[in-house]
Amino acid sequence: MAQEQTANKKKNRSLAWIIFFISTVALAVAIITHWEWLTLIIPFWGTSFVIAMDLI
């Protein structure tokens, strides 16, 4: 019964969504301004999306 409660527990993903939206804006700015270190934003963007969608 304890496993059922933990499986049905709703997780708070708001921080992951905030990081996703901030990194989306940063990625768009980096693309527009042709920033050389553009690829450093992509791991934050992808990982935060996966965590926010609860795919892990």
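Predicted model: local features only at pLDDT ≥ 70, side-chain atom pairs only at ≥ 80, totals over all residues.

Author: Let's start with Asp-54, which is partly exposed, with a relative accessible area of 41%.

Where does Asp-54 sit? Look in the segment after H3. Now check its backbone: Asp-54 has a positive phi of about 60°, although it is not a glycine. That deserves a second glance, because most residues other than glycine have a negative phi.

The side chain of Asp-54 has a partner, too. Arg-13 forms a salt bridge with Asp-54, and the closest N and O atoms are 2.7 Å apart. Arg-13 belongs to the loop between helix H1 (2-8) and H2, while Asp-54 is in the segment after H3, so the pair ties together parts that are 41 residues apart in sequence. Side chains of opposite charge can pair when their charged atoms come close.

Finally, turn to His-34 and its backbone. Its phi is near 60°, again a positive value in a residue other than glycine. You can find His-34 in the loop between helix H2 (14-32) and helix H3 (42-52). Is His-34 buried or exposed? His-34 counts as exposed, because its relative accessibility is 65% and the cut-off for exposed is over 50%.

Conventions:
Residues numbered from 1 in each chain as written. Heavy atoms only, no water. Helix = DSSP H or I, 4+ residues; strand = E, 2+ residues; numbered from the N terminus. Buried < 20%, exposed > 50% of the residue type's maximum accessible area, 1.4 Å probe, protein only. Salt bridge = Lys/Arg side-chain N within 4 Å of Asp/Glu carboxyl O.
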